[in-house]
Amino acid sequence: MNNLFQYVPGNSLIHRLNPITKIFLTIIICAAAFITDRLLFLVGLLAVDMLIGIIAGVADRTWNIFRGLLKIAVFLFLLQVLLTRKGTPVFWIITDQGLLTAGKVVLRLVVVCMPLALVLAVTRISDLTNALVQVLHVPYPYAFTLSTAIRFIPQFLEEMAEIMEAQTARGVAFDKAKGLKKLSMMLPLCAPLLISSVRRTDQTAAAAEVRGFHLRTRTSGYKRYPFSYVDLGTVVFCLLLLAGAIVL
Amino acid sequence: MIQIQDLSFTYKGEKKPALQEINLSVPEGGFLGIIGPAGAGKTTLARVLTGMIPHHYPGNFYGSARVKGLDTVDTSINDLSRLVGMVFQDVESQIISPMVEDELLYGLENFGVSREEIPARIEEALQSVGISELRERSIASLSGGQRQKVAIASIIALKPRILVLDEPTGELDPRSSRQVFSLLKVLNEEQGITIVLIEQKIMLLCEFTKQLAVLSEGRIVRQGETREVLARAEELQELGVNCPRVTTLSRILSARTGEEQPVCINTEEAEAMIRRLIP
């Protein structure tokens with residue numbers, strides 16, 4: 001979980017794409033997944049997701065994300081299958097309609113979740129926020145909020161682990177508990193975590209302020225984010241994908 | 001360079017003042033060490049110097065604090081931050097980027113350092129704390145000590161005229177701590193940067209600082225040339241501030257020999273003193 005959001009350095013085609021193009025690609029894949037009503041097209045989109053991961057050289061990460069989503073997907077699939085009443089029964093209370101809808105719902109979920117996680121793996125957060133500010137003219141404070149939120153995820157996890165270790169040292173059997181039991185044991189820890197996070201956030205704000213947070217303008221970023229032919233190609237691909245989703 | 005007069009400060013919502021009747025002056029090119037027990041108001045004093053108090057942390061502010069002639073209450077945090085750089089005690093909260101290089105870039109970009117100058121500044125700052133090889137690493141993959149060095153580098157890169165450091169060697173091993181102190185000495189002597197250093201490592205403070213101030217319960221109880229302050233070691237002990245062993249040694253020897261021995265602040269001086277007394 002800890003490294004799920006961490007940047008994987010590299011120089012692949014996907015790495016070199018303009019951050020804005022990557023976001024566009026993510027949005028288009030999501031849009032296409034919701035527009036289309038064909039199971040086969042959704043399978044195709046899943047293949048596109050996988051392909052992006054492979055081209056970016058983060059096949060392991062792609063597989064891990066996919067596996068993580070699969071657990072939720074199985075649960076959702078069963079729920080959908082058991083609750084759908086329409087269509088002709090295939091087996092017990094399961095209908096052909098139910099299977100089809102469940103398949104589509106689950107595929108949609110996976111297809112929609114994957115690109116964002118992949119883009120975060122191959123884009124530096126600073127590049128993402130700087131590009132948002134420079135190219136899309138997003139106000140800097142919003143971009144800062146986004147980057148800080150993502151930067152804090154591993155930190156929160158570290159802190160949570162620390163609090164749990166401290167509790168384990170005082171006899172709380174975190175290591176023996178599983179599933180819901182463990183979750184209920186973790187709940188009381190949210191208060192200390194929240195308090196320390198709020199304090200930390202305030203200090204981070206102060207730290208940003210003394211390093212010229214308010215002086216930053218749209219063009220302050222050192223790096224520039226020009227669009228290349230690869231970006232153009234990706235955009236064309238995105239549009240084709242979208243057209244496909246609408247027509248098919 | 002720094003002039004604080006009759007300063008008292010109480011954080012909003014608190015009853016007890018964090019600082020009381022502080023009078024402090026640091027000349028340009030000075031190197032002031034601040035020591036004191038926990039809760040003495042050291043961090044609050046540092047916040048006053050950077051303008052975070054009263055701009056970020058509100059409260060009752062009496063007296064005045066001037067940095068290079070600018071009143072910290074009237075001057076915006078932006079203008080002050082061009083002059084004063086601060087390294088925070090809690091490194092985790094100071095670092096705002098997920099990557100080392102971006103962390104150094106942040107301040108440089110904000111202060112409008114020219115594009116041509118930026119790469120050299122980053123390289124120079126990383127080199128001065130000895131972490132050039134960490135440039136492309138993510139912050140999450142670094143150790144506490146390495147993060148501390150990144151935080152220091154990110155401030156040094158901005159080339160402030162005054163550098164305020166709040167326990168910058170808290171997570172560093174003895175060797176790295178000495179390295180940081182040596183670096184501060186170089187910045188102080190070669191670039192004339194005024195340094196205010198809050199630390200608990202008394203031995204290093206004695207060796208490197210020019211002036212020393214002892215803070216206790218919000219008040220400055222001793223201040224002056226480092227050697228002068230140390231000469232009254234018994235009083236420091238009472239306040240809960242440890243003295244370096246060499247200083248204790250010269251005090252004991254003064255009592256035993258019946259004549260006043262010079263205050264030693266490093267092992268070389270102590271050695272010379274002992275050689276003199278034992279022919």
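Q: In what order do the elements of chain A run from the N terminus on?
A: The order is α-α-α-α-β-β-α-α-α-α-α-α. That comes to 10 helices and two strands in chain A. Both kinds of element are DSSP runs numbered from the N terminus (helices: H or I, at least four residues; strands: E, at least two). This is a predicted model: local features need pLDDT of at least 70, side-chain atom pairs count only at pLDDT 80 or more, and totals for chains, interfaces and linings use all residues. Residues are numbered from 1 along each chain as its sequence is written, while chains are lettered from A and ligands numbered from 1 in the order in which they are written.

Q: Into which domains is chain A divided?
A: Domain 1 takes 2–125 + 226–247, and domain 2 takes 138–215. The bounds come from an automatic or database domain assignment. The C-alpha centres of the two domains of chain A lie 29 Å apart. The C-alpha trace of chain A spans about 65 × 60 × 30 Å along its principal axes.

Q: How many residues of domain 1 of chain A are in contact with domain 2 of chain A?
A: Four residues of domain 1 of chain A meet six of domain 2 of chain A. Contact means that C-beta atoms, placed from the backbone, lie within 7 Å. On the domain 1 side, two residues are nonpolar, two are polar and none is charged. Nonpolar covers Ala, Val, Leu, Ile, Met, Phe, Trp, Tyr, Cys and Pro; charged covers Asp, Glu, Lys and Arg; the others, Gly among them, are polar.

Q: What makes up the side of chain A that touches chain B?
A: Helix 6 (125–136), helix 7 (140–169) and helix 9 (190–209) of chain A each give two or more residues. Helix 9 of chain A has the largest share, seven residues. The contact takes 27 residues from chain A and 28 from chain B. The chain A side divides into 11 nonpolar, 10 polar and six charged.

Q: Why do strand 1 and strand 4 of chain B count as paired?
A: Pairing needs at least two DSSP bridges. Strand 1 (residues 2–11) and strand 4 (residues 59–67) of chain B have eight, in the antiparallel sense. Phe9(B) stands opposite Phe61(B), and Thr10(B) has Asn60(B) as its bridge partner. Strand 4 and strand 5 (residues 70–71) of chain B also pair, over two bridges. There, Arg66(B) stands opposite Asp71(B). In this hairpin, with two residues between the strands, Lys68(B) takes a positive phi near 50°.

Q: Which strands of chain B stand at the edges of the sheet, and why?
A: The open sheet has the order 2-1-4-5. Strand 2 (19–26) and strand 5 of chain B each have a single partner strand, so one side of each is left without a neighbour in the sheet.

Q: Which residues of helix 5 of chain B meet helix 7 of chain B?
A: Val100(B), Glu103(B), Leu104(B), Tyr106(B) and Gly107(B) meet Val150(B), Ala153(B) and Ser154(B). The contact holds five nonpolar, two polar and one charged.

Conventions
Two residues are in contact if their C-beta atoms, placed from the backbone, lie within 7 Å.
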